[in-house]
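Work through the following exercises with the sequence and the model at hand, and try each task before reading its solution.

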Amino acid sequence: MNPIMEDIISVLKEMKVPVVENVFQHVPQKPYVTWSNIQSVADGADCIALYWRKTYAVYFHYPQQRNEKQARPIEKPVEDILRGLGTFKRVLDVSYDLKEIVIAYVFEVNENFDDDETEE
């Protein structure tokens with residue numbers, strides 16, 4: 001797993017925020033966090049793919065009304081981790097049924113090819 005994602009997952013678990021890759025089988029009480037590797041591009045030079053350029057998204061799920069006082073202490077440690085990358089995005093979304101607010105942090109990293117890892 002990517003070291004940035006490991007750090008993010010670790011800090012969320014320390015704060016006792018439920019976190020899982022992709023989706024929960026049984027959705028916990030909000031707020032909770034999901035994350036996904038939303039894109040992998042093989043990249044390199046001289047027509048040889050030397051590494052994966054991966055895009056990750058970390059989704060913070062809140063109830064209908066996002067409470068800033070509750071949300072900032074959860075999001076800030078993740079922002080602090082991502083600041084070391086130089087560039088990342090923070091995107092707001094509201095579910096189609098208006099039952100939750102989602103804040104997504106999207107970032108890109110380069111990862112070496114790993115023979116033990118199968119890419120989708």
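**Exercise 1. Overall build**

What percentage of the 120 residues in the protein is made up of buried residues? State also the order of the elements and the extent of the surface.

*Solution.* The model is a predicted one, in which local features need pLDDT of at least 70 and side-chain atom pairs count only at pLDDT 80 or more, whereas totals for chains, interfaces and linings use all residues. Residues are numbered from 1 along each chain as its sequence is written, and side-chain values use heavy atoms, with hydrogens and water left out.

Begin with burial, where buried means under 20% relative accessible area, exposed over 50% and partly exposed in between, with a 1.4 Å probe and protein chains only. Buried residues account for 35% of the 120 residues.

Next, list the elements, which are DSSP runs numbered from the N terminus, helices (H or I) having at least four residues and strands (E) at least two. There are two helices and five strands, and their order from the N terminus is α-β-β-β-α-β-β.

Then turn to the dimensions and the surface. The C-alpha trace spans about 50 × 30 × 25 Å along its principal axes.

Finally, consider contacts, meaning heavy atoms within 4.5 Å. Among contacts between residues at least 6 apart in sequence, 56% join residues at least 24 apart.

**Exercise 2. The nonpolar core**

Which residues of the largest nonpolar core touch the most other members, and which elements give two or more residues to this core?

*Solution.* A nonpolar core is a set of buried Ala, Val, Leu, Ile, Met, Phe, Trp, Tyr and Cys residues joined through side-chain atoms within 4.5 Å. In soluble globular proteins, nonpolar side chains tend to be buried together.

The largest core here has 23 residues, of which Met-5, Ile-8, Leu-12, Val-58, Phe-60 and Phe-107 touch the most other members. Two or more residues come from each of helix 1 (3-14), strand 2 (32-45), strand 3 (48-62), helix 2 (68-83) and strand 5 (101-112). Helix 1 makes the greatest contribution to this core, giving six residues.

Take Val-58 as an example: when its neighbours within four places in sequence are set aside, Val-58 is in contact with Met-5, Ile-8, Val-33, Thr-34, Trp-35, Ile-103, Ala-104, Tyr-105 and Phe-107.

**Exercise 3. Aromatic pairs**

How many aromatic pairs does the structure hold, and why is the pair of Trp-52 and Phe-113 described as it is?

*Solution.* A pair of aromatic rings is described by the distance of the centres and the angle of the planes. Rings of Phe, Tyr and Trp (its six-membered ring) pair if their centres lie within 6.5 Å, and planes under 30 degrees apart count as stacked, over 60 as edge-to-face and the rest as tilted.

The structure holds six such pairs. The ring centres of Trp-52 and Phe-113 are 5.1 Å apart and their planes stand at 55°, so this pair is tilted. It links distant parts of the chain, since Trp-52 is in strand 3 and Phe-113 is in the segment after strand 5, 61 residues apart. Trp-52 counts as buried because its relative accessibility is 14%, whereas Phe-113, at 37%, is partly exposed.

The pair of Tyr-56 and Phe-107 is stacked, with 5.6 Å from centre to centre and 20° between the planes. Tyr-56 lies in strand 3 and Phe-107 in strand 5, so the pair ties together parts that are 51 residues apart in sequence. Tyr-56 is buried at 5% relative accessibility, and Phe-107 is buried at 2%. Trp-35, Tyr-56 and Phe-107 form one aromatic cluster.

**Exercise 4. Backbone geometry in the loops**

Which peptide bond is cis, and where are Lys-16 and Asp-46 placed?

*Solution.* Most residues other than glycine have a negative phi, and most peptide bonds are trans.

The bond from Lys-30 to Pro-31 is cis, with omega near 5°, and Pro-31 is found in the loop between strand 1 and strand 2.

Lys-16, although not a glycine, has a positive phi of about 65°; Lys-16 is in the loop between helix 1 and strand 1 and is exposed at 71% relative accessibility. Asp-46 likewise is not a glycine and has a positive phi of about 55°; Asp-46 is in the loop between strand 2 and strand 3 and is exposed at 72%.
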